[in-house]
Amino acid sequence: MNSSKFFTLKEARIGNNCPECYSNDSLELTLKQKLIETKFYKAITEETASELLCHNCEMQIFPVRWTDDIERVVDYHLRGLNIKTKSTKLKPIAWAIIASGILLLVMISLWAAGVISVVL
């Protein structure tokens, strides 16, 4: 059940020329942040990803093909981005395991101190 996915932080149309079809005003920049979800917790990481898509030629433009102008625009949008802080949220099953562990530890401590006895 371990899954990691990216959620969208910001989408912006940029006015640069597409390196594939050279059209203007057809590039869309999408900035995303990574979310990890397991059985026990959900966590937002500091890892971000950016995607550039041309709506004219319907191609994803990978960073290898970015021009200097595109890189400057992407850097500008990254600087103004409100990245969510790194956080972890425990799910109810994790809280149940922690609570049962603490309860077991308290019971063993009380038994070792002689406060409670086990009758078999």
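User: Is R65 buried or exposed, or something in between?

Analyst: The general idea is relative accessible area, found with a 1.4 Å probe on protein chains only: under 20% is buried, over 50% is exposed, and anything in between is partly exposed. R65 comes out at 42%, so it counts as partly exposed. Before we go on, this is a predicted model, where local features need pLDDT of at least 70, side-chain atom pairs need pLDDT 80 or more, and totals for chains, interfaces and linings use all residues. Numbering runs from 1 along each chain as its sequence is written, and side-chain values use heavy atoms, with hydrogens and water left out.

User: Which residue does R65 form a salt bridge with?

Analyst: You look for a side-chain nitrogen of Lys or Arg within 4 Å of a carboxyl oxygen of Asp or Glu. Here R65 pairs with E20, with 2.9 Å between the closest N and O atoms. R65 sits in the loop between β4 (59-61) and α1 (68-79), and E20 in the loop between β1 (3-14) and β2 (27-37), so the bridge ties together parts 45 residues apart in sequence. Those element names come from DSSP runs numbered from the N terminus: helices are H or I of at least four residues, strands are E of at least two. E20 is partly exposed too, at 33%.

User: How many salt bridges does the structure hold?

Analyst: Five. Among them is K34 with E47, at 3.6 Å from N to O. K34 is in strand β2 and E47 in strand β3 (residues 41-54), so this pair ties together parts 13 residues apart in sequence. K34 is buried at 18%, while E47 is partly exposed at 40%.

User: What separates R72 and D69 in helix α1?

Analyst: About one helical turn, as they are three residues apart. Their closest N and O atoms are 2.3 Å apart in a salt bridge. R72 is exposed at 53%, and D69 is partly exposed at 42%.

User: Which residues make up the largest nonpolar core?

Analyst: A nonpolar core is a set of buried Ala, Val, Leu, Ile, Met, Phe, Trp, Tyr and Cys residues joined through side-chain atoms within 4.5 Å. The largest one has 12 residues: I14, C18, L27, L29, L31, L52, C54, I61, W66, I70, V74 and L81. β2, β3 and α1 each give two or more, and β2 has the largest share, with three.

User: What does C18 touch?

Analyst: Contact means heavy atoms within 4.5 Å. Leaving out residues up to four places away in sequence, C18 touches S23, L27, C54, C57 and I61.
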